[in-house]
Structure formats: C-alpha cells, structure tokens
Amino acid sequence: MLAPATTASKWTSARSFLATTRGSAQSVLTRKVPSSGEALPLVGLGSWITFNVGNDPPARDACAEVMRAFFSAGGRMIDSSPMYGSSQGVIGDALRKLGTTNVFSADKVWVSPGARGPAQIEASRKFWGVAKFDLLQVHNLLAWEEHLRTLFAMKAAGTVRHVGITTSEGRRHADVEKIMRAHPLDFVQVSYNVVDREAENRILPLARERGIAVIVNRPFREGDLVRTIMRKPLPAFAAEIEAKSWAQLILKFIISHPAVTCAIPATTRVDHVQENVAAARDPLPDAAMRARIVAHVEKL
C-alpha cells in the first residue's frame, strides 16, 4: 500500500517543489532542499564499492570519466564516506582532473568516539579537495549524539552547509524517526525502491512534515534488483513515462515520490551513469502509475 503522501492532493502540491526553470524537455528535473531552497538534480552519484579502486591509475581515470559524464548529463550531488575505502581520494582526484566546481559534495563522519570526528572530517575534506562540504551526515548513526553536536556547530560557523543522518537497508528506522523529530536536520538518507518501501510508512511522510530533504541509497540494491528483474521484459506502460530500461523505471518510481530530493545510484560505467541521470526527466509517474509499477513488480 502506498503511503498517505501519495494522495492526489499531495501529489499535485508536490509538483510545485520541482524546479520550474527546466529549459528544454531534456533538462534534468530538480527538487529544492527545504531548509536552504537549493535546487538539486533528482539523480546523484553514489561511490560505495564502485570508486574504491585504490591507486590504480587506469581505474581512477575510469572513475573520472564516469564523473565527467555525470556532470555533463546535468548531475551535481556526489556522496561518499570514510567507510568507502579509497573512494574519497578517487573523487577528489577526478574533481582536480576535470576542473569541476559545480559539485554538491556530500560526505559522512563515521568514527567512534565522537571526539575523533573533527579530525576525520578534515581528512575527508582534504581527500575531496573542497573548501567545505555542502553536506555532512552521521553515517549509520554511529556516535550520532556527539557527531551531531559537532556538525551543528560547524554549520553555525559556516564550515558546512547542511547536516544530516543516514541509515540503510531499513535498519534503525525508529531511531531515525526520533532524531528527525528532535533535531533540525537538513537531510536524512535511507534505502528506498520499488520493493523496499518501508520508508513510505513513517520516514518519508515525516521528512515532508519536518522540511527535511531525503537522499535515497541502494536504489538498485547494489545492482541485485536490476539484475533480477531485467530478465523480464520491460512493461509496455513504461513508455508512458519514457522509461527506456528497468533502471530508469525504478529510478523514476523513486524520485517521483514528493519527499525524495535525490537518489544516488553508484556505477562504474559511463553509459549507466548517463542512463541514470536521464531518468530525472519528464514525465515522472503520478500516484496511479506508481501503484501500477508496484503491482507489476510484485507479480514478477
């Protein structure tokens, strides 16, 4: 069953959150961060596993080409973490190679005790080579009380722009909900897709109520979801929303939810990142089409 946030009236009002200055029909759709008003493209880029390539020069160059294609297609948000091995340094190396400044840098703090947070954050910033992060998140709620104090102090001092928390695979949603109610978060990051819809029950409606932006991780279950259903033919109704692949249909389902600000699929391939970002274009499914997608996938 779809969450209450997908009723007709709320879906109509949700369309107003999408950027109205879209330019051509091929422009990437954006949605505003409620706390700051900044418009972000609905599809970003994750780096878990895919950018953990160590110091291998050809592999680093390949990641840079993925990022080049991502930016060229209209993407902005790139998400990483100290947990992701060499990913932060790979991103920073690519940003320098590309000479790109139009990135929305989203990273995390992931260390205990919380007193070690500032040093880790500074190390992460140097890996990226940015003056400051656009978003810092407490990764999987590790030492979250201490880290949130640090991040909110950084925001007040102007050394980070947005503050958030993350979880994945449906874990600790009750804790996430409590933190969302108690603290002035800018972002929350959760797992959500056509088969993992627990976030629809409480997290997504609460994010809209509290004015918190939502980042969606694991949109493809690290590729398992797409690999499973791509053996089946794409439904004919996908053409109604111009979804040309299962990946695009899944992403359009995710980003059409009015609470979702950005989904962050990860990939090692230029053609896949282009395909992913292209999903963030009109038309997006309405509530009836979303229900149709769910019903079809559940039968597979």
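Predicted model: local features only at pLDDT ≥ 70, side-chain atom pairs only at ≥ 80, totals over all residues.
## The nonpolar interior

Let us start on the inside. In soluble globular proteins, nonpolar side chains tend to be buried together. Here the largest nonpolar core has 80 residues. Met 67, Ile 78, Ile 165, Met 180, Ile 254 and Ile 293 are the ones with the most contacts inside that core. A second, separate core has 11 residues, among them Met 77, Phe 104, Phe 187 and Ala 213.

Setting aside residues up to four places away in sequence, Met 180 touches Leu 185, Val 188, Ile 203, Leu 206, Ala 207, Arg 210 and Ile 212.

## A buried threonine in a loop

Thr 261 sits in the loop between helix H9 (246–255) and strand E9 (262–263). With a relative accessible area of 2%, Thr 261 counts as buried because the cut-off for that word is under 20%.

Which residues does Thr 261 touch, not counting those up to four places away in sequence? They are Arg 31, Val 33, Leu 40, Pro 41, Leu 42, Ala 213 and Val 214. One of these contacts, Ala 213, also belongs to the second core.

## Salt bridges

How many salt bridges does a search of the whole structure find? The search finds 21. In one of them, the side chains of Glu 38 and Arg 76 meet at 3.0 Å, N to O. Glu 38 lies in the loop between strand E1 (30–32) and strand E2 (39–41), and Arg 76 in the loop between helix H2 (57–73) and strand E3 (77–79), so this pair ties together parts that are 38 residues apart in sequence. Both Glu 38 and Arg 76 are buried.

Another bridge joins Asp 186 and Lys 155, with the closest N and O atoms 2.9 Å apart. Asp 186 is in the loop between helix H6 (173–182) and strand E7 (187–191), while Lys 155 is in helix H5, so the pair links parts that are 31 residues apart in sequence. Asp 186 is buried at 2% relative accessible area, whereas Lys 155 is partly exposed at 31%.

Glu 177 is buried, with a relative accessible area of 12%, and Arg 181 is partly exposed, with 44%. Elsewhere, salt bridges that share partners join Glu 38, Arg 76, Asp 134 and Arg 161 into one network.

## Out at the surface

Some nonpolar residues lie on the surface. Trp 48, Ile 49, Met 83, Trp 110 and Leu 142 form a nonpolar patch there, with about 420 Å² of accessible area together. Of this group, Trp 110 is in the loop between strand E4 (104–109) and helix H4 (117–128). Trp 110 is partly exposed, at 35% relative accessibility.

Glu 146, in helix H5 (residues 144–157), is also partly exposed, with a relative accessible area of 33%. Leaving aside neighbours within four places in sequence, Glu 146 is in contact with Pro 113, Gly 114 and Ala 115. The side chain of Glu 146 reaches the backbone nitrogen of Gly 114 at 3.2 Å. As for Pro 258, the C-alpha atoms of Glu 146 and Pro 258 are 31 Å apart in space, and the two residues are 112 residues apart in sequence.

Key: Residues numbered from 1 in each chain as written. Heavy atoms only, no water. Helix = DSSP H or I, 4+ residues; strand = E, 2+ residues; numbered from the N terminus. Buried < 20%, exposed > 50% of the residue type's maximum accessible area, 1.4 Å probe, protein only. Contact = heavy atoms within 4.5 Å. Patch = residues over 30% accessible without salt bridge, like charges linked within 9 Å, V, L, I, M, F, W, Y side chains within 5 Å. Areas by Shrake-Rupley, 256 points an atom, 1.4 Å probe, with all protein chains shown as cover. Salt bridge = Lys/Arg side-chain N within 4 Å of Asp/Glu carboxyl O. Core = buried A, V, L, I, M, F, W, Y, C linked by side-chain atoms within 4.5 Å. Polar contact = N/O pair within 3.5 Å; in protein donor to acceptor, adjacent residues only side chain to side chain.
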